[in-house]
Amino acid sequence: MESINGFVQYNMVGPMRRYRTVFKDESKLDIAYVPPRLVHRENEYRLLWEFFRYALEVPGRMSQRILITGRIGTGKTALSQRFGMNMQEEARRRNINLHYLHVNCRENRGKFFLILLNALLHFKPNFPRRGLSSEELLYALMDILDEENAYLILALDELESLILAEGTEPIYKLTRMQEARLGKPLRLSLICILRTLEPLKKLDESTRSTLQRNIIHLEEYSKSQLIDIIGDRVETAFHEGAVPEETIEVIAELAEREGGNARYAIELLWRAGKYADANGFPEVYPECVRMATASIYPTVRKDEILSLNQHQQFLLLAIARIFNRNPKAYATMGEIEQAYRVICEEYGQKPKSHTQIWKYVRQLSAIGIIDAKISSTGQRGKTTLIGLHQIPASKLEETLSQALKCD
Amino acid sequence: MIEERNLEIEEFLSSKTRVKIIKVLYELGELNIRRICQKVGSAYSIVKSNLEIMEELGIVQCKRYGRIRLYSLNNNNPKVKLLIRLIEVW
């Protein structure tokens, strides 16, 4: 491996060409990467520490419930994770057995059982996956915390999915758990992460008021803030001079238009780098960004769509086709079922039952790929109306058709 | 408090199931009976009765979480330490 003009060149064996890359460390652009310093989130980070300071000073005397809200890409997950990592380290220094566990409710299909199982498996990796109800799991979790004299900060990311799938009961149980353990140390704290406070309206008043006492709202990033964030990542992920200022500015502008979405900016930056490498450019030119924008859906990741099961993909393809051929905003459940059956026939598969399709609709809605709502006036009877607001229907149809062809 | 029963070493080690249980718990830590059965390859009733004997001898300990019981080796027992050493050396 040699370095020419700041770019690493790899000597490939055989007929492959010498490969040079603009990247120094691509992993710094991974969606799961949590930077050591959160640019422009210093105040919110300090506030979070203030909320939990007491838990470190006098463990077991107080449990916390914090809400972190903000639009997509405003740094909610990164803030919570960075706080969690640092909090664990500080606790270790003070000989406090504190654990931070980040669970994404959407990835667990909004199932309270799976979320709790995740927490239990963190402490007891061989805990049986069947045999207990969610409530029993919660009690088992508290027993384990007592037994190990441990404290848990449970971060429930994308809490909307949990509320949508299971209603208000899980939140009620989590927040009221401590009351049933009179005299015992308070071991479970919650960080609830969600986009808006809207889903919390479904909670009963007392649970809502308990939860809403400490809210950290993350404002959308401005263009200049996005420039700083992108600049910070460029420094760690790219070779010096590989990303010119104007490229950073273009990305910041595009991400600002997407609601100050830093996640979108970072993904765009990575993809633009890939285009630069693929074309053998020594720098990530603004043109690379333009090419990259065409391949990213602002709010839904392509791999999320591709990880769906075959019938979910059929259903999504049916939805995409309807909206691709019809400019309306919503389609009825009946229309979608009909289109889904046509697709099943096309692919020689037996269609699933109405109940199963309805479940898929709920799951896709919980993931955020589609929007489902109950019809109101102007429609005979009640039906579920489905909309597709996050992804262009044409792009979705193209992606799914290709994926299903590959299957 | 379970009263410890007396069992000669040759009698204790004469059971293949008991030796396998010790090996499995040593390798995997805490397990419920079903998982132990799967790993050991013996019937539930056989594993259960052997676990009861081993618990009485203080070789294993059982923790209850609602309806779930998790068994693990009682590492405070010097006999367990020697048994582990034996497995490692073997």
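Here is a short tour of this predicted model, from chain A as a whole down to one helix pair and one tyrosine.

Residues are numbered from 1 along each chain as its sequence is written, while chains are lettered from A and ligands numbered from 1 in the order in which they are written. As this is a predicted model, local features need pLDDT of at least 70 and side-chain atom pairs count only at pLDDT 80 or more, but totals for chains, interfaces and linings use all residues.

The predictor's confidence in each residue, pLDDT, runs from 0 to 100. Chain A averages 87, and 90% of its residues reach 70 or more.

| Element of chain A | Mean pLDDT |
|---|---|
| Strand S1 (residues 2–4), the lowest | 39 |
| Strand S5 (residues 98–104), the highest | 97 |

Over residues 1–17 of chain A the pLDDT is below 50, and beyond near neighbours in sequence this stretch has 23 contacts in the model. A contact means that two C-beta atoms, placed from the backbone, lie within 7 Å. Where pLDDT is low, the predicted coordinates should not be read in detail.

**The overall build**

Chain A has 16 helices and 11 strands. Its radius of gyration, 24 Å, is close to the 22 Å that the globule rule gives for 407 residues, so chain A is as compact as a globular protein of that length. That radius is taken over C-alpha atoms, and the rule is 2.2 Å times the number of residues to the power 0.38. Along its principal axes, the C-alpha trace spans about 70 × 60 × 40 Å.

**One helix pair**

In chain A, helix H13 (residues 310–325) packs against helix H14 (residues 333–346) at an angle of about 115°, with the axes 8 Å apart. Axes are lines fitted to C-alpha atoms, for helices over the stretch in contact, and angles run from 0 to 180 degrees between N-to-C directions. Among the residues that meet are A:Phe314 and A:Leu315 from H13(A), and A:Ile336 and A:Tyr340 from H14(A).

**A tyrosine to look at**

A:Tyr139 sits in helix H4 (residues 134–147) of chain A. Why is A:Tyr139 partly exposed? It has 19 other C-beta atoms within 10 Å, and buried takes 20 or more, exposed 12 or fewer, with partly exposed in between. A:Met177 is 38 residues away from A:Tyr139 in sequence, yet 8.5 Å away in space, C-alpha to C-alpha.

Technical notes: Helix = DSSP H or I, 4+ residues; strand = E, 2+ residues; numbered from the N terminus.
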